[in-house]
Amino acid sequence: MMRTSLWKLSRVVFIFLLSAVSMHAQKEMKFADYLLKYENQSEVIVSDESVFKIKINKGKLSIIKEDYFESIILNETGIKNFKEEFYDSELSPVLEYEAYTISKKGKKIKSNLIKEFANDDANIFYDEIKKKEVTFKSLEPGAKKVLKTKIEYRDPNLLSRYIFQKSLPSEKMMFRLEVDNDIEIGYKLFHEEGVDINFRKEEKRKKTIYIWEVYDTEPFKYEMSRPGILYTAPHIAIYIKQYKGADKNSNLLGTVDDLFHYYQSFVEGVNSEINEELINIASAVTEPYDTEEEKVKAIYYWVKDNIKYIAYENGYEGFIPREANLVCERKFGDCKDMSSIITAMCSGIGISNVYLTWIGSRVIPYTYSELPTPGVDNHMIAAYINGDEIIFLDATDQKTRYGLPSSFIQGKEALICISKDEYKLHKVPIVSEDDNEVTIKVSAKVDGSIIKGKGKTTMSGIARSNILARMSTTNDKKRFNSIKGRVRLGSNKFQLLNPVEQNVEERDSMYIINFDYELDNYLVELDDEIYINMFLRELTLIDEFEDDRIFPFVFEYKLNYVIQVDLEIPANKEIGSLPEALYIDNGQFIYNGEYNKYDNRVTLDYSIKLREISIDPTHFDAWNKSVKEIKNYMKQTITLKDKT
């Protein structure tokens, strides 16, 4: 009797709580309420909802996603945000869409203006995913924007994630799954700590409904050099484990093995026949070399130099590498194509231990065990297994030397396809700061009111490749200005003269710039004394973090930055005392500054060695303390006075 009463009581409490949540979700705020609650905002999301309906239709999976977006404009600034966008592709086509404005008086004003864009990245030849842009009409403070889309997912392994945070504050965000009972789904929540996510599960006769709701979310905060949104924002990723079809159970995802076999279906049979032309090219490219590694390196460099990287996909072409014979004929390809031709050329001359490899860039935070779905990857490279060593070959990064990964895959886990039944997981190393070095050596002498001299800068490792990639242009003026920015000294009065580059195309050598320069209006003359700040090059690599910064600061790579300034003391002058040396090691970087005097010269050597690729907020205070000390140190001047 007591158990029955308790059950009835618990059911009443459950219904009450459910009603309370429902009332919260359905409560309609007035415009004045929004203005009061969001006084510093120009627009607020009233509701953002994403509903997956996954069912079995005639023995096959049917997957439809219905999205609903509604926002309210609060002021004149909000009116400027009169566009919203959604995406359409062959594998996830938009079946229906509707967009309209609801005026402040409640009038519905349909928007039938829509523009379609391909990816506008200058490096992209063709990208099958289309961005569709809707323009809302008659916006005013108090008006609402509404966008509805209905999307079909044609591949059950390619379901999207939902992020419970947007660039605007949100009243309500909801993710809903409606799944037939013959379908087993998997899902994983990320970064839900400290977020009040209301979850409930409802059992129907033939299906199960999962609902996640969040209310009153703060807008996503954008900060310079912060990790991607998936590293911090609460979100959910879903996948289908298995389903019961017409006559059998079908397994999809859930383990790394499942993901590998899915990937293997895309690469199985690729390059089963390598034509004679490609084999002849591979033989000619590698003919001067004796060792296997030298041959792999030669092929890798040939692909970088002769196959233009162009990212383009069309449906499953986003996953299937094209035949190496075709890539060679066309002389262009995407990341998968470049990996395909590298492995095929190696195989064609008898090197069988270079493999196609799936990997995610650093914008994706997951490991394969955390999320064994295609959502963990967005890139393909090749991997050369040389005994106990694995060399990652990313031909899309045209400037990187053999042996170094591209900067955007450092620290990421790779899935190496050894055979149709075997794979290997291996983490890409983070390149050490000693392998990424930039040095600037400057001679300086006082000539009247001008400082003039010669300089030499050298760059190695990822620092070399990334800088050269940014400077790549055939325009002489732009090239000159790029070089000037790399070697600028002192102030904006810096004049670059006679720059000469070396080893631009020699990946295995340091990139070098030799130059002459003049620097006017830099030294300070007072009576018979000259004051000079010998820190001619600022350390822009480090700066203080803002007090209100909340996210880690991410660098492209670790770096050793070394500067030496050699000042010739004028014959009629002598130097006073020199500042003391400064050495700081705070765990994140090492700073070293030291003056020395030699006869008629004084030198200043200063350097910073960045030892971490990401700085956590827990280290911001120590970092800022060090930076302040360095900045004060670098403000010091030396004094040249008349000889006594």
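I began with what sits over helix 10: the cover on its buried residues (under 20% relative accessible area, 1.4 Å probe, protein chains only) includes strand 24 (450-459), helix 9 (461-471), strand 25 (494-502) and strand 26 (511-520). Contact here means heavy atoms within 4.5 Å. Helices (H or I, at least four residues) and strands (E, at least two) are DSSP runs, numbered from the N terminus.

The model is predicted, with local features needing pLDDT of at least 70 and side-chain atom pairs 80 or more, while totals for chains, interfaces and linings use all residues. Residues are numbered from 1 along each chain as its sequence is written, and side-chain values use heavy atoms, leaving out hydrogens and water.

Which residues of helix 10 are buried? I found Arg479, Ile483, Lys484 and Val487. They lie on the same side of helix 10, because their arc around the axis (directions from the axis to the C-beta atoms) is only 140 degrees. On the other side I noted Lys477 and Lys478 as exposed, meaning over 50%.

I then checked the length of helix 10 (residues 476-487): its 12 residues should span 16 Å at 1.5 Å a residue, and the end C-alpha atoms are 17 Å apart, so the two agree. The expected span is 1.5 Å times one less than the number of residues.

Zooming out, I counted 11 helices and 36 strands in the protein chain. Its C-alpha atoms fill a box of roughly 105 × 70 × 55 Å along the principal axes. Of its 644 residues, 49% are buried. Among contacts between residues at least 6 apart in sequence, 72% join residues at least 24 apart.
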